[in-house]
Amino acid sequence: MTIRPGTEGDVPVTKTSGANLGAPAQTPPSPDKGMFGVKGTGDVSGFGRLVRPRPAVFDSPRPYGGYFDDVYDALEEAYPAFSEAIEKVVVDRAELTLHIRPERIKDVCQVMRDEGSLRFELCSSVDCVDYLGSDERRFHIAYQLTSMTYRRRVRLEVAVADGVPVPSVTSVYPTADWQEREVYDMFGVVFAGHPNLTRILMPDDWEGHPQRKDYPLGGVPVEYKGAEIPPPDQRRVYQ
């Protein structure tokens with residue numbers, strides 16, 4: 001950038017020069033290299049190959065603190081198969097997560113809702129995470145429960161391998177109906193006993209489940225131009 005005198009009153013005027021200065025924002029050092037040291041891909045952002053290490057999750061020791069001990073004790077007292085159903089208890093970031101064996105999830109939800117000292121009347125969401133390559137039971141399904149009576153929250157979590165069904169909890173929490181359908185649609189997890197386990201976001205004849213980590217990224221058709229936006233790892237590098 002240079003500064004030269006203006007024609008009227010010698011007012012400084014800025015002029016941009018040097019269009020090819022080699023600045024990183026203008027010309028990448030190499031078309032095959034992106035951020036974070038990613039090489040050999042058209043994804044110059046580098047985010048496509050970032051791998052976040054997954055911390056090990058261990059059973060939290062007691063006391064858990066707050067109302068977490070009360071919830072644990074009440075469930076243990078009300079549910080005879082407690083020791084068989086609970087895999088581990090994790091308290092992290094002021095949140096309580098009970099890891100449940102998949103075949104017991106419906107029974108645990110029934111007790112969590114009906115037991116007078118628990119009263120978790122609402123299942124606000126059913127979510128799923130795909131831990132492809134880091135866990136043999138790659139699909140982790142989380143149930144967010146809320147007790148409006150005692151103003152408490154707890155998370156139940158089950159983990160299953162690909163192709164292993166999970167009992168549906170819709171008979172206990174009707175709000176889980178569409179949420180389980182979405183998990184099925186996006187991840188392919190089958191909920192046994194669901195009244196109408198069909199796709200909810202994708203067309204009925206869609207092949208695959210888009211939020212699986214091994215699902216191809218694909219392109220977005222641009223019909224009015226007769227073109228297609230390729231996947232991030234196949235895009236050209238403009239410079």
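Setting aside neighbours within four places in sequence, His194 touches Ser168, Thr170, Asp177, Glu180 and Arg181, where contact means heavy atoms within 4.5 Å. The model is a predicted one, in which local features need pLDDT of at least 70, side-chain atom pairs count only at pLDDT 80 or more, and totals for chains, interfaces and linings use all residues. Residues are numbered from 1 along each chain as its sequence is written, and side-chain values use heavy atoms, with hydrogens and water left out.

His194 sits in the loop between strand 9 (191-192) and strand 10 (220-222); strands are DSSP runs of E, at least two residues, numbered from the N terminus. With 10% relative accessibility, His194 counts as buried (buried is under 20% relative accessible area, exposed over 50%, partly exposed in between; 1.4 Å probe, protein chains only). The His194 side chain also reaches the backbone nitrogen of Leu197, at 3.3 Å.

Turning to the aromatics, rings of Phe, Tyr and Trp (its six-membered ring) pair if their centres lie within 6.5 Å, and planes under 30 degrees apart count as stacked, over 60 as edge-to-face and the rest as tilted. That rule gives four aromatic pairs. One of them joins Tyr64 and Tyr72, whose ring centres are 5.6 Å apart with planes at 70°, so the pair is edge-to-face.

Terms used:
Helix = DSSP H or I, 4+ residues; strand = E, 2+ residues; numbered from the N terminus. Polar contact = N/O pair within 3.5 Å; in protein donor to acceptor, adjacent residues only side chain to side chain.
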